[in-house]
Amino acid sequence: MDSAVLDRAAAGGAQAANAQIVIDRLSHTYRPAHGRPVLAIDDVSLTVGRREFLALLGPSGCGKSTLLYQLGGFLPTETGTITVDGKKVQGPGPDRGIVFQHFALFPWKTVRANVMYGLQRMSLPKAEQERRAQEFIDLVGLSGFEDSYPSQLSGGMKQRCAIARTLAIDPEILLMDEPFGALDAQTRHLMQTELLAIWNRSPKTVIFVTHDVQEAVYLAQRVAVMSARPGRIKAIIDLDFDRRDPHLTKSKAFVDKVDEIWELVRGEAIKAQAGKA
């Protein structure tokens with residue numbers, strides 16, 4: 001065998017050995033009660049390091065969310081395996097917290113009560129629940145809104161509350177399913193910046209699903225580009241930017257990387273549209 005191939009295989013094995021998350025030859029088929037089965041993802045293999053920020057990027061319907069929900073344990077694993085710290089994922093667990101696009105807050109609960117929800121399920125003492133809830137309310141910048149209800153909050157504030165609720169249970173892994181997709185452009189950019197600040201203050205392994213190329217490049221250390229359905233890993237791109245640079249998104253290096261990844265996604269988006277025709 002070619003020595004370069006052997007080197008790549010050895011590097012891949014070393015990466016898998018040091019990974020927190022290992023997805024190995026994963027496939028998933030949806031079987032609706034009416035209609036034919038749909039193969040959503042096919043033979044996906046991916047490793048994610050501890051405290052890494054990885055973006056899953058691809059056209060609509062490519063299986064990004066399916067992969068995230070399988071990792072969260074909300075969908076069964078039929079073919080292939082997912083392991084976290086060497087243990088197979090067989091259902092949801094406190095080590096994996098998820099943030100959805102549409103906030104998923106309890107409208108009848110205040111900000112404080114929403115953030116305390118997961119802590120109550122952990123059966124922590126009331127004083128500890130309140131302390132931890134306040135800590136993460138402060139972390140996401142919602143101090144002073146503890147007694148407000150979701151209907152009294154802006155979209156960005158609702159998403160801050162959802163993130164605080166997830167972080168409060170201290171998961172090792174943060175799963176984010178297009179969390180800023182429903183926000184206006186200005187609020188979305190502010191939330192992206194805030195998420196990076198939170199991640200730097202409270203390091204987690206983050207898997208962030210998006211279909212926005214610029215968002216993926218701005219946030220992630222690596223971007224995994226998925227193909228049109230059935231979703232496969234088409235390419236993995238490493239990113240190394242100084243995100244403290246206020247002019248980062250206007251730099252040539254950033255724009256070039258966005259263009260490079262957009263070309264990968266564009267081809268898959270065209271295939272996805274052709275498949276619907």
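**Reading the model together**

Tutor: Let's start with Arg25, which is found in strand 1. Helices (H or I, at least four residues) and strands (E, at least two) are DSSP runs, numbered from the N terminus. Keep in mind that this is a predicted model: local features need pLDDT of at least 70, side-chain atom pairs count only at pLDDT 80 or more, and totals for chains, interfaces and linings use all residues. Residues are numbered from 1 along each chain as its sequence is written, and side-chain values use heavy atoms, with hydrogens and water left out.

Student: What is the phi of Arg25, and is Arg25 buried or exposed?

Tutor: Most residues other than glycine have a negative phi, and most peptide bonds are trans. Arg25 has a positive phi, near 50°. Its relative accessible area is 52%, so Arg25 is exposed; buried means under 20% relative accessible area, exposed over 50%, and partly exposed in between (1.4 Å probe, protein chains only).

Student: Where is Ser123, and what is its phi?

Tutor: Ser123 sits in the loop between helix 3 (111-121) and helix 4 (126-139). Its phi is near 60°, again a positive value in a residue other than glycine. Ser123 counts as exposed because its relative accessibility is 62%.

Student: Which peptide bond is cis?

Tutor: Look at the bond from Arg229 to Pro230, where omega is near 0°. Pro230 lies in the loop between strand 9 and strand 10.

Student: How do strand 9 and strand 10 pair?

Tutor: Strands of a sheet pair through backbone hydrogen bonds, either parallel or antiparallel. The rule here is that two strands pair if DSSP finds at least two bridges between them. Strand 9 (residues 222-226) and strand 10 (residues 233-238) are antiparallel, with five bridges. They form a hairpin with six residues between them.

Student: In what order do the four strands of the open sheet lie?

Tutor: The order is 2-1-4-5, with antiparallel pairing. Strand 2 (38-48) and strand 5 (87-88) are the edge strands, each pairing on one side only. Helix 2 (residues 64-72) packs on this sheet and touches strand 1, strand 2 and strand 4 (79-84). Contact means heavy atoms within 4.5 Å. The direction of helix 2 makes about 115° with that of strand 1; axes are lines fitted to C-alpha atoms, for helices over the stretch in contact, and angles run from 0 to 180 degrees between N-to-C directions.

Student: Which residues touch the most other members of the largest nonpolar core?

Tutor: In soluble globular proteins, nonpolar side chains tend to be buried together. A nonpolar core is a set of buried Ala, Val, Leu, Ile, Met, Phe, Trp, Tyr and Cys residues joined through side-chain atoms within 4.5 Å. The largest one has 51 residues, and Phe53, Ile163, Val223 and Ile261 touch the most other members. Helix 5 (residues 155-168) gives the most to this core, with seven residues. A second, separate core of 23 residues includes Ile41, Leu56, Leu67 and Met226.

Student: What is the volume of the largest cavity, and how much space lies in the largest pocket?

Tutor: On a 1 Å grid over the protein atoms alone, a cavity is a set of points where a 1.4 Å probe fits but cannot get out, and a pocket is an open set with protein on both sides within 12 Å along at least five of seven lines; lining residues have an atom within 4 Å of a point. Grid points are joined across faces, edges and corners, and a volume is the space filled by probe spheres set on the points. The largest cavity has about 40 Å³, and helix 2 gives the largest share of its lining, three residues. The largest pocket holds about 550 Å³ and is lined by 21 residues. Strand 6 (96-99) is among the elements that give two or more residues to that lining, and its share, four residues, is the largest.
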